[in-house]
Amino acid sequence: MLAVPAQVYVSLQQHSLLYGLACALLVAAVLFRQQLWVYWKFFYACFLKPVEHGNAADVKALSGQQRALEGFYRTQAEVYDATRSILLCGREDMLQLAAAQLKHRMGARTSQPIWVDVGGGTGYNIEKMNDFLPINEFFSAVYLVDLSPSLCEVARQRFSRLGWKNVHVVCEDARTFVLDKSCEVLETAEVGDFVGKHRVKADFITMSYSLSMIPDFYSVIDSIADLLAPHGLISCVDFYVQSAASYSLRNFTGGHLSRHVNAFSRFFWRTWFRLDRVHLDEGRRDYLEHRFGTILNANERNYALGGIPYYIWLGCQRSATSASAAQRIDALATESPYLSPVHYTTQRTEAANAAAVATRTQLRSKGFEAAILNLAANVPLPATFYQNRRWRLYYDETLPKHAQFGGNYIYAFAWEDPAEDQRLLGIGPDDVVFAITSAGDNVLAYALQRPKSIHAVDLNPSQNHLLELKLAAFAALPYEDVWRLFGEGRHPNFRALLLEKLSPHLSSRAFQFWLDNAGTFTSRGGLYETGGTRLAVKLCKWLFRALGLRSAVRELCDAPTLRAQRAIWRTRLRPVVLNRWLSNLVVANEQFLWRALGVPPNQRDMIYEDARAASGAERGGSFAPKDAMWRYVVDTLDPVVENTLLRDSNYFYRLCLMGRYSEECHPAYLSKEAHATLSKPDAFDGLRVHTDEFVEVLARIRPESVTVSVIMDHMDWFDPEGTQATEEIRALNKAMKLGGRVLLRSAGLKPWYIAAFSAQGFQCNRVAARTSGKCIDRVNMYASTWICTKVGPDPTAPKEDSLVCNLAHQGNAAGSSDSEVVEALEL
């Protein structure tokens with residue numbers, strides 16, 4: 001036995017941790033030598049090996065870009081897929097989005113599409129797409145085009161192993177590739193007129209991290225534009241860097257959310273990737289968006305590797321829509337006849353002709369104006385014109401009036417009772433409804449009545465994103481998923497649903513919003529603890545937990561009878577919830593009123609004014625603002641609990657207390673019967689979603705076309721000393737038919753603007769007034785409900801407005817049979 005020197009023992013004892021770590025690393029290197037070898041080859045090829053160094057003779061025999069690519073990829077071709085899963089983010093997302101679009105677009109087709117993957121490399125994308133679409137069955141032919149022989153060889157081995165006979169690997173420059181050379185394609189493809197170099201067209205083209213490596217990208221994109229079929233789909237995912245200054249004035253990009261990259265990141269990533277001949281200059285993406293129309297667009301970051309910016313983009317031919325389509329969409333947005341020169345009705349009466357000319361001269365939607373400007377400038381139309389669904393109308397997201405909301409919605413659920421709206425208004429199939437979007441709940445309730453059309457209006461883009469999500473859910477999902485999303489407010493697979501099912505039915509901006517906020521439905525609180533009003537919901541939950549009242553709240557919501565509910569409220573909850581000290585600290589706080597409850601100062605002042613009048617302060621009585629707010633809350637909550645059952649009727653307060661609806665207590669649109677109605681293909685053909693101010697939208701709607709307007713309490717927000725109320729009432733009068741009704745709610749018993757309605761052609765009736773102990777609906781949050789009926793034109797309106805209204809009235813009377821309002825749209 002060998003003797004170990006004493007100094008070795010001492011060294012081992014002093015540095016035991018270091019020696020142990022060295023041994024562990026040695027063992028790990030032996031155990032994971034294969035994986036380490038893979039990443040060493042990747043590191044060597046990307047960061048150490050010069051492009052021209054150590055290349056074989058056959059590589060040196062190549063020229064130009066092919067020589068550079070092969071010099072870069074030959075060393076790492078076999079390990080390419082194993083080392084790119086973290087770096088090349090978004091490939092799977094792009095394929096899922098494209099698969100969803102293809103299934104939606106190809107549903108009515110009998111022929112199988114052709115797919116060309118430009119810069120397809122090892123064929124990873126094609127194999128991965130099989131998880132979403134069966135490659136052998138869905139596509140007639142798939143072509144992988146790449147300039148690197150080494151990567152193409154890996155792809156051939158892959159497809160040979162998979163046994164796919166319809167997949168072909170072509171090692172060729174994308175600028176010269178054509179499908180005409182393939183006999184298989186010519187036998188199955190639809191060959192159109194020979195225009196350009198591509199006689200046979202591809203239905204689907206993809207580029208996955210290849211555009212940034214193509215030196216002559218202009219020629220490649222031009223060739224692809226000629227290769228893509230007229231109604232084909234193109235998708236791209238790639239790195240990018242870009243400053244807002246270079247794209248902010250473009251309206252055809254599909255949205256700017258998260259697109260801006262700061263100056264340091266632009267410099268760093270551009271320099272870093274240039275070492276490997278990967279070019280992140282913005283011109284590549286810009287030219288792609290210039291040559292095609294944008295369907296969907298998302299700007300993301302690879303945070304696993306330091307926040308590398310990348311984008312996912314889906315597009316189509318610019319000619320997939322047209323000026324004629326713009327006119328049709330314009331007619332839908334403005335409730336105007338579609339005056340196609342080809343189908344112009346010659347039997348119009350003189351009055352109807354005059355009305356039509358006046359209407360079309362004056363009424364143009366903002367989307368139509370943007371489309372005409374883009375066509376004149378030879379750029380694609382705004383992305384809204386390339387969407388599969390025409391619900392959402394064009395708006396300019398860069399305007400301060402939209403940006404003021406900080407990219408978030410205020411209301412995750414509606415606070416107005418649609419059952420009471422229907423009782424008062426009796427909405428039917430002949431009605432044209434104009435309503436505030438809010439959370440979209442009441443818009444869906446109105447849609448159940450199948451009116452002729454609905455104009456949902458909200459200045460906050462995110463509120464309309466929420467409505468769009470609900471519309472898409474009814475169009476694409478079974479009842480179980482709709483219930484989990486909006487009944488429970490949670491869905492563990494929301495992101496997958498968004499990519500695979502919902503995306504074809506969303507506008508580009510709404511898709512970006514929900515992709516960025518996918519965690520809404522997987523968070524602990526779910527949908528109904530988001531938005532501006534989440535503070536009130538969370539505060540209530542925290543207070544009930546802190547005061548030990550959670551069990552009492554559950555018992556209140558599950559009480560089988562009003563008698564049991566009242567007992568729990570009176571003895572256990574009311575003494576705490578309506579405690580004056582708590583009210584003064586929380587409810588009467590101005591910041592809480594605005595940030596948590598959405599009560600603006602002008603509306604708060606109306607509450608104070610009614611309280612001042614009731615207290616007789618003008619005659620010497622006492623008045624305290626905090627007491628006024630406490631009394632308002634008492635008059636709201638007491639009648640609700642005393643008269644409506646939270647277990648099966650009052651879903652408004654049950655949601656606030658429990659954070660979700662129940663199967664017995666939920667809005668009408670969440671019933672199985674409602675899903676059967678709203679999931680029909682034509683359920684929302686008459687719905688238009690406007691992102692703008694009321695006056696702006698009303699000014700672009702055909703005069704005397706709206707029959708019902710539901711404007712909630714938003715006029716409470718106006719300044720009594722300003723002109724906003726007068727202008728909005730004038731716009732309402734102009735847009736509404738004679739006999740049309742405006743339903744509004746107010747925090748005041750007699751709002752100051754009612755006098756303005758009466759002076760501007762409306763007859764006003766207060767149909768509900770909340771007094772102490774009285775419940776006027778299941779929410780009971782407002783002091784009064786009014787219906788203002790149009791009885792004549794606005795006498796204060798300018799003469800030109802009155803002339804247009806008179807012409808429109810004559811046109812409505814004389815030319816009702818030729819009002820060609822397009823109710824369905826296919827492009």
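## Before we start

Two strands count as paired here if DSSP finds at least two bridges between them. Helices (H or I, at least four residues) and strands (E, at least two) are DSSP runs, numbered from the N terminus. What you're looking at is a predicted model, so to speak: local features need pLDDT of at least 70, side-chain atom pairs count only at pLDDT 80 or more, and totals for chains, interfaces and linings use all residues. Residues are numbered from 1 along each chain as its sequence is written, and side-chain values use heavy atoms, with hydrogens and water left out.

## The sheet

Let's begin with the strands. Seen in order, β3-β2-β1-β4-β5-β7-β6 make up an open sheet of 7 strands with mixed pairing. The edges belong to β3 (167-171) and β6; each has a single partner strand, so one side of each is left without a neighbour in the sheet. From one strand to the next, the twist averages 15 degrees.

As a bit of background, strands of a sheet pair through backbone hydrogen bonds, either parallel or antiparallel. Here, β1 (residues 114-118) and β2 (residues 141-146) run parallel and are joined by 5 bridges. Within that pair, W115 has V142 in β2 as its bridge partner.

## Strand β7 and its neighbours

Now look at β7 (residues 308-317). It is mostly covered, with 10 of its 10 residues buried; buried means under 20% relative accessible area, exposed means over 50%, and partly exposed is in between (1.4 Å probe, protein chains only). Strand β5 (residues 228-239) runs antiparallel to β7, with 6 bridges joining them. In this pairing, C236 stands opposite W313 of β7.

Strand β6 (residues 292-302) also pairs with β7 in the antiparallel sense, over 10 bridges. There, A298 has I312 in β7 as its bridge partner. The hairpin of β6 and β7 has 5 residues between the strands, and in it G306 takes a positive phi near 90 degrees.

## Helices on the sheet

Helix α12 lies across β1, β4, β5, β6 and β7, and runs at about 145 degrees to β5. Helix α14 (residues 283-291) packs on the sheet too, touching β4, β5, β6 and β7, with its direction at about 150 degrees to that of β6. For these angles, axes are lines fitted to C-alpha atoms (for helices, over the stretch in contact), and values run from 0 to 180 degrees between N-to-C directions. Contact itself means heavy atoms within 4.5 Å.

## Salt bridges

A salt bridge is a side-chain nitrogen of Lys or Arg within 4 Å of a carboxyl oxygen of Asp or Glu. By this rule the count comes to 38 salt bridges. One of them joins D93 and R495, at 2.9 Å from N to O. This pair links distant parts of the chain: D93 is in helix α7 (residues 91-105) and R495 in helix α23 (residues 494-502), 402 residues apart. D93 counts as buried at 12% relative accessibility, whereas R495 is partly exposed at 33%.

Another salt bridge joins K201 and D226, whose closest N and O atoms are 3.1 Å apart. K201 sits in the loop between α11 (183-188) and β4 (202-208) and D226 in helix α12 (residues 217-227), so the pair ties together parts that are 25 residues apart in sequence. Both K201 and D226 are buried. Elsewhere, salt bridges that share partners join R250, R259, R285, D286 and E289 into one network.

The side chains of K128 and D131 meet in a salt bridge as well, at 3.2 Å from N to O. Here K128 is partly exposed, at 25% relative accessible area, and D131 is exposed, at 53%.

## Out on the surface, and one loop

F264, F267, F268 and W272 form a nonpolar patch on the surface, with about 480 Å² of accessible area together. Patches are made of residues with over 30% relative accessible area and no salt bridge; like charges are joined within 9 Å, and nonpolar side chains (Val, Leu, Ile, Met, Phe, Trp, Tyr) within 5 Å. The areas come from the Shrake-Rupley method with a 1.4 Å probe, and for residues, only the protein chains shown count as cover. F267, found in helix α13 (residues 263-274), counts as exposed at 57% relative accessibility.

Finally, L459 lies in the loop between β9 (453-457) and α21 (461-476). L459 is buried, with a relative accessible area of 19%. Leaving aside neighbours within four places in sequence, L459 is in contact with K401, H402, Q404, F405, T691, D692 and E693.
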